[in-house]
Structures are given as structure tokens and as C-alpha cells.
Amino acid sequence: MSRSKNPSGGAEKRQRREEYGQRALLKSDLSANPTEQLQLWLDEASEVSASEPYAMVLATASRLGRPSSRTLLLKALDDEGLTFYTHYNSRKSRELTENPFASATFLWMELERQVIIEGAVSRLSKEKSSRYFASRPRGAQLGCWASEQDQVIEGREVLDARYAEVERRFGDGDIPLPPSWGGWRIVPSRFEFWQGRQHRLHDRFAYVRHGSEWEIQRLAP
Ligand SMILES: Cc1cc2nc3c(=O)[nH]c(=O)nc-3n(C[C@H](O)[C@H](O)[C@H](O)COP(=O)(O)O)c2cc1C
């Protein structure tokens, strides 16, 4: 077997990163409402043109507690929770059905910020999913019908053929919500806001839910 180059060499060098510390996060800066605080950070990430500010990594776990994760786009944020859309036959949806809890992580390196949310999940109603689906570009709607997310396929041409088939099927008419596609909502029970600081002494604040109240705790980094 040929000797491989040290795979961690580059990573090690990159890990000797400059200090964090563009800005501080004070308890007095935080909104009493963590959803408002998250919206504020999403707005600030959008203002600095962070790449995909609404992208979050969603972690789920199987019935046996085996974790998996993937990136998704947050599509709605309000006092009811965080909404994203996906295929209901996908691995994530299967896991969320067996074990209805999730964690989502946002990372905005431009601002040296991270937010982690944890909570129980539930499916959105068909009406709500339909309303969102109707607002999507036609190409994305057809793409949803054409792809059975997570199925093993022979090649790219399978997707192209399915796309052409659904395009023919729906013609110029409205495209209905696919039966196995829709939204999920995470109802948060915990938020954590992280701001990078000097000497790795970062600012971390957790919001922990007590009924309708949120307690804010500072955590050691
Ligand atoms: C930036 C970005 C955004 C994505 N947004 C979504 C999304 O909103 N919904 C979705 O189903 N997949 C989205 N994906 C694809 C998922 O990461 C993933 O590949 C897919 O949902 C299958 O995941 P699963 O097999 O874990 O269920 C996105 C990927 C990236 C990189």
C-alpha cells in the first residue's frame, strides 16, 4: 500500500486560527424572547451577506438513538417554532417520525456566531404545506414530484426522465402538493447563542424553557 500523506497536516495548520473576537455578547444585549434574538441574528447575517444565512444543520436520531445530520433551509420562524420543508419518505423524516426530536445548528463565520436549537417536532398541516408549495418556482415544484428523495437511482437520466414525465403530466395546469412532501416544525425547548471571543473565552447563553417563560443562563465556553 502506498504511504498516504498526513491527512491532518492542512487541517492542523488551519486550526491555528487567528483569535475570534470581532464583537461581544452581553446578557443585557439579549432579547427576553429567543425567537426574536434568533431573527435578529438571521437579519444581521443577511446584512453581512453570509453565504446562505438561513441554512441550518439538522440533527435527528433513529429509534435506536443513532444520529444523522444534513443541511436544510429554514423557511419560517415565529413563536410557534422553526419550519423547514422536505420529503416525508426521506431518512430525516423517517427518523423524525420514530423519534420526534431534533436539533438545528446555524453557523455564520462572518460574524463568529453559532446558534443551536433543540426541540420536539411535528408535521405541518397539509393546508400550510400546500400554501408554501404553491409559492415555490414551477421548476422546484416539478423537481419535488420527480425525485423520491433518498431512493437509490441508476443515474442522472432517471431524474431527467421523471422530470420530463411530470412536466407532461401537469402541462400548464397548477401543480398540486406531492402526497409525500411537506413541512416540519421544531418547537424549541432550548436555544444556545454563541459568540466567538478572544483566548477561546467565547460568550455562550442558553435559553431554557420553563412553561411559557425563558430563563437565560451564561455557560462556560
Ligand atoms: C444549502 C443546502 C440547503 C438544503 N436545503 C434543503 C431543504 O430545505 N430541504 C431538503 O429536503 N433538503 C435540503 N438540502 C439537502 C439535504 O441536505 C439532504 O441532502 C436531503 O434533504 C436528504 O437528507 P436525508 O437523507 O438526511 O433525509 C439542502 C442542502 C444544502 C447543502
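1. Strand 1 (residues 55-61) pairs with strand 2 in the antiparallel sense, over seven bridges. Two strands pair if DSSP finds at least two bridges between them. Strands (E, at least two residues) and helices (H or I, at least four) are DSSP runs, numbered from the N terminus.

2. This is a predicted model: local features need pLDDT of at least 70, side-chain atom pairs count only at pLDDT 80 or more, and totals for chains, interfaces and linings use all residues. Residues are numbered from 1 along each chain as its sequence is written.

3. Follow the bridges. Ala-61 has Pro-67 of strand 2 as its bridge partner. Ala-55 has Leu-73.

4. Which side chains of strand 1 point to one face and are buried? They are Met-56, Leu-58 and Thr-60.

5. Now the ligand. 15 residues surround the ligand, and the closest include Arg-70 and Thr-86. The cut-off is a C-beta atom, placed from the backbone, within 6 Å. Strand 2 gives the most to this shell, with five residues.

6. Helix 6 (residues 156-170) has 15 residues and should span 21 Å at 1.5 Å a residue. The expected span is 1.5 Å times one less than the number of residues. Its end C-alpha atoms are 22 Å apart, which agrees.

Technical notes. A residue is buried if 20 or more other C-beta atoms lie within 10 Å of its own, exposed if 12 or fewer, and partly exposed in between; C-beta atoms are placed from the backbone.
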